[in-house]
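Subject: Handover of a structure and what was found in it

Dear colleague,

I am passing on to you the structure shown below, and the notes that follow go through it part by part. Please read them with the sequence and the structure side by side.

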Amino acid sequence: MNPNLEAICKKYEYNLPSVVDQIINRYIKEILKDLSEKVPTLAVKVPTKLTMKQKEKEKAGELTVERNDKGEVMMPRYDCVTTHTARRSGITNMYLSHKFTIVQMMHVSGHKTQKTFMDYIKLSSDEITDEIDAIVNGAKEEVF
């Protein structure tokens, strides 16, 4: 076990406190907004969808959102990141590390089928190309 993870577990006597996603998501957004001053790509506006709560606030006139020519909601990238983004990125990075089999990663992620697991991870075209190249040229062993 990672020493940092073990220290955290021991601190709480292996009874980790529960967390509320909305509160953690708020902290994530604040941290990334501050970080966007040093990492400008975090402030780039990207198309996104509003949550039900945001839709209600927009309808009531309590929230004004920017939209592009297509009518899509545009928000800074830092406002779009959530705990789920981190989970998905973590699982994708596990896959790209080539340290674990897909079965092992599925146990961590909770996916029951390989198809849903592969649909869940996000690979760019370049990453897929690198994967194929590594298999063809024998640079890595297949993890399937």
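Two strands are said to pair if DSSP finds at least two bridges between them, and helices (H or I, at least four residues) and strands (E, at least two) are DSSP runs numbered from the N terminus. Please bear in mind that this is a predicted model, in which local features need pLDDT of at least 70 and side-chain atom pairs count only at pLDDT 80 or more, while totals for chains, interfaces and linings use all residues. Residues are numbered from 1 along each chain as its sequence is written, and side-chain values use heavy atoms, with hydrogens and water left out.

I begin with the sheet. Its three strands are arranged in the order β1-β3-β2, as an open sheet with antiparallel pairing. Because β1 (45-48) and β2 (66-67) stand at the edges with a single partner strand each, one side of each is left without a neighbour in the sheet. Between β2 and strand β3 (residues 73-76) the antiparallel pairing runs over two bridges, and here glutamate 66 stands opposite methionine 74 of β3.

Next comes the interior, where a nonpolar core means a set of buried Ala, Val, Leu, Ile, Met, Phe, Trp, Tyr and Cys residues joined through side-chain atoms within 4.5 Å. Buried stands for under 20% relative accessible area, exposed for over 50%, and partly exposed for what is in between (1.4 Å probe, protein chains only). The largest such core is made of nine residues, namely Ile91, Met94, Tyr95, Ile102, Met105, Met106, Phe117, Tyr120 and Ile121. To this core α4 (83-97), α5 (102-109) and α6 (114-120) each contribute at least two residues. Apart from it there is another core, of five residues, which include Ile28, Leu32, Tyr78 and Val81.

If neighbours within four places in sequence are left aside, phenylalanine 117 is in contact (heavy atoms within 4.5 Å) with Ile91, Tyr95, Ile102, Met105, Met106, Ser109 and His111. From valine 103, phenylalanine 117 is 14 residues away in sequence and 9.6 Å away in space, C-alpha to C-alpha.

Serine 36, which is found in the loop between α2 and β1, is also buried, with a relative accessible area of 12%. With neighbours within four places in sequence again set aside, serine 36 is in contact with Leu42, Ala43 and Tyr78.

Tyrosine 14, in the loop between α1 (3-11) and α2 (21-35), has a positive phi of about 65° although it is not a glycine, and at 48% relative accessibility tyrosine 14 counts as partly exposed. Histidine 98, in the loop between α4 and α5, likewise is not a glycine and has a positive phi, of about 60°; at 29% relative accessibility, histidine 98 is partly exposed.

Turning to charged side chains, a salt bridge is taken to be a side-chain nitrogen of Lys or Arg within 4 Å of a carboxyl oxygen of Asp or Glu. Side chains of opposite charge can pair when their charged atoms come close. A search of the whole structure finds four salt bridges, and the following are among them.

- Glutamate 6 and lysine 10 form a salt bridge in which the closest N and O atoms are 3.4 Å apart; because the two are four residues apart in helix α1, about one helical turn separates them.
- Glutamate 58 and arginine 67 meet through their side chains at 2.8 Å, N to O; glutamate 58 is partly exposed, with a relative accessible area of 26%, and arginine 67 is partly exposed at 41%.
- Lysine 115 and aspartate 119, four residues apart in helix α6 and thus about one helical turn from each other, form a salt bridge with the closest N and O atoms 2.8 Å apart; lysine 115 is exposed at 58%, whereas aspartate 119 is partly exposed at 46%.

With kind regards
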